[in-house]
Amino acid sequence: MGKETGFLEYRRVNNGDVPASERIKTFAEFHTPLIAEDRRNQAARCMNCGVPFCQSAMNLGGMVTGCPLHNLIPEWNDEIYRGHDEHAFNRLHKTSNFPEFTGRVCPALCEKACMCGQNGEAVTVHDNELFLIETAFEKGYIKPLKINVRSGKKVAVIGSGPSGLAVADELNHRGHHVEVFEREDEIGGLLMYGIPNMKLDKSVIKRRRKLMEEEGVVFHTGVDVGRDKKSEELLAGFDAVVLCCGAKKARPLAVCDPATDKGVYYAVDFLTKTTKALLTGKDRSVASLKKQGGYIDAEGKHVIIVGGGDTGNDCIGTSIRMGAKSVTAIEMMPKPPVERLASNPWPEWPKVLKTDYGHEEAIHVYGEDPRVYETTIKSIVKDKKGAIKQVETVKVKFNGGKLEYVPGTEQKLKCDILLIAAGFVGCEDYTADEFAVKRGPRGTVLTADDGYHVTNTKIFCAGDMHRGQSLVVWAIAEGRACAKEVDEYLMGYTNL
Ligand SMILES: Cc1cc2nc3c(=O)[nH]c(=O)nc-3n(C[C@H](O)[C@H](O)[C@H](O)COP(=O)(O)OP(=O)(O)OC[C@H]3O[C@@H](n4cnc5c(N)ncnc54)[C@H](O)[C@@H]3O)c2cc1C
Ligand code: SF4
């Protein structure tokens, strides 16, 4: 513990935010870092607790709190405070392959379990992590690793989201030859096409790709396994195959269908098309996006988003940047409390209201929070050409676990674009079928108990395809744990 009195002397200070009025003019990242001296004071707030819940990943009350990667948080906070950034970074990199992703998009499970947060404000673990990785790139602490001994074993990874990248990184560092197959034109999975650019600039993914390529990982983009390449070829040509294809089967709405109803889209399609168009432009400005074609433009439109969570929030931020006339986010659940209830004590995951960047921007632009709670869509109204023009909403309540409409609460809202962000129901079938792997009740691939190996095969599975739609940090944690099993399968032992 660098400074015994740090948590008493310094208040928590987050990285800055570009004001909503400015940041909505671009799709650029909008957090501004603290100067190094202030960052060291923030790290000095860490109390180096005897039992660091922040790095524990405990399951309490059915939800995990603490870092799933078991990042050695008190150790590197101490090193940041002392100005030993390179050493701090090495301790971080020991447990985390891609802090530049989690330092940007992780909801910081660590901070929810931070002891400082029990009676006051948690340590800025997430921002400290981002400071370390960006300093490491800037100062050259992170360099391509030279892998001196190769095992002669070959591993194919299908899918290049955070789980696939973590598997590839670990196994390549271990000395295996790794090839990653990705159907999109760029690697990164939902980091690339899903999470919008203002949360994670796509150059960050390209920077990591370059490093991994220099270390020996081979990426094949534009290869859709199951369609462009058959499983037999991969199973014959590689010693192990790891499926990391995500859980992108979107939960549909009963009242409409994006395939037939004009103006109705799945949220990830809307976000993906925006990012693709943005990347073809000259910069990250809204003006540059507007010069591109091929995306779904919300300018001047009434946008309704069904579903909260990260995806819903990202749709709000994206629609606002495009210049939507109105944005409404419909959520089925009741509005959470602003502060923890007595039944949800520290260090449990706090079930409290989260006002994210998109909500803040909506409040700035339209003067009110766009979220409407305990509501669903009962029907949609289309014009003569089959395009959506209104939705009929209705209040809902849970009666003995069953969702019921509240009679007489129906309302009509103008709607030109309806975005479905109602969650995901498992992995897409065609890749799983191609490898003849069984799915469980959550639509995810079944593996041996508590592990990642598909019994009696050379196939492994990790990330959302294995655990269901989750978080980037979990995808990386799964990728690391899966790589360990693959290594043991290939070598008869593992030192990962
Ligand atoms: C809009 C949105 C916002 C999110 N925001 C956050 C956030 O802020 N913070 C957070 O922690 N989490 C967030 N998440 C969740 C997070 O992105 C995922 O949990 C994580 O990306 C899962 O990683 P993965 O590697 O398992 O799968 P994915 O990231 O889904 O990657 C799977 C990859 O496999 C490829 N693939 C699939 N099938 C094939 C095939 N047959 N052949 C070749 N390639 C194939 C896909 O193209 C994709 O690139 C968000 C999710 C969404 C949808
Ligand atoms: S990965 Fe997430 S939970 Fe882990 S230390 Fe970083 S911000 Fe915290």
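## Helix α11

What covers the buried residues of α11? The cover includes α5, α6, α9, α10 (162-174), β7 (218-221) and α13. Contact here means heavy atoms within 4.5 Å. Helices are DSSP runs of H or I with at least four residues, strands are runs of E with at least two, and both are numbered from the N terminus.

This is a predicted model, in which local features need pLDDT of at least 70, side-chain atom pairs count only at pLDDT 80 or more, and totals for chains, interfaces and linings use all residues. Residues are numbered from 1 along each chain as its sequence is written, chains are lettered from A and ligands numbered from 1 in the order in which they are written, and side-chain values use heavy atoms, with hydrogens and water left out.

The buried residues of α11 are Lys202, Val204, Ile205, Arg208, Arg209, Leu211, Met212 and Glu215. Buried means under 20% relative accessible area, exposed means over 50%, and partly exposed lies in between (1.4 Å probe, protein chains only). An α-helix has 3.6 residues a turn, so residues three or four places apart point the same way. The 14 residues of α11 should span 20 Å at 1.5 Å a residue, and the end C-alpha atoms are 20 Å apart, which agrees. The expected span is 1.5 Å times one less than the number of residues. After α11 comes glycine 216, with a positive phi near 120°.

## Helix α9

Helix α9 covers residues 125-139. From first C-alpha to last, α9 reaches 21 Å, close to the 21 Å expected for its 15 residues. Most of α9 is covered: 12 of its 15 residues are buried. Among them are Val125, His126, Leu130, Phe131 and Phe137.

The buried residues of α9 pack against α3 (36-44), α4 (73-82), α5 (85-95), α6 (99-105), α7 (109-112) and α11 (202-215). Glycine 140 follows α9, and its phi is positive, near 80°.

## Where α3 meets α4

The axes of α3 and α4 are 8 Å apart, and the two helices pack at about 140°. That makes α3 oblique to α4. Axes are lines fitted to C-alpha atoms, for helices over the stretch in contact, and angles run from 0 to 180 degrees between N-to-C directions. Under 35 degrees counts as roughly parallel, over 145 as roughly antiparallel, 65 to 115 as roughly perpendicular, and the rest as oblique.

Which residues meet here? From α3 come Arg39, Arg40, Ala43 and Ala44. They meet Asn77, Ile80 and Tyr81 in α4.

## Helix α13

Helix α13 runs over residues 267-280. Its 14 residues should span 20 Å at 1.5 Å a residue, and its end C-alpha atoms are 21 Å apart, which agrees. Its buried residues include Phe270, Leu271 and Leu278. Their cover includes α11, β9 (264-266), α14 (286-290), α15 (309-322) and β17 (417-420).

## Two residues up close

Lysine 3 sits in the segment before α1 (6-9). Its side chain makes a polar contact with the side chain of glutamate 9 at 3.0 Å. A polar contact is a pair of N or O atoms within 3.5 Å; within protein, one must be able to donate a hydrogen and the other to accept it, and residues adjacent in sequence count only if both atoms are side-chain atoms. Leaving aside neighbours within four places in sequence, lysine 3 touches Glu9, Tyr10, Ala44 and Tyr81.

Threonine 375 lies in strand β13 (residues 375-382). Is threonine 375 buried or exposed? It counts as buried, at 5% relative accessibility. Its side chain reaches the backbone oxygen of tyrosine 373 at 2.7 Å. The side chain of threonine 375 also makes a polar contact with the side chain of lysine 395, at 3.3 Å.
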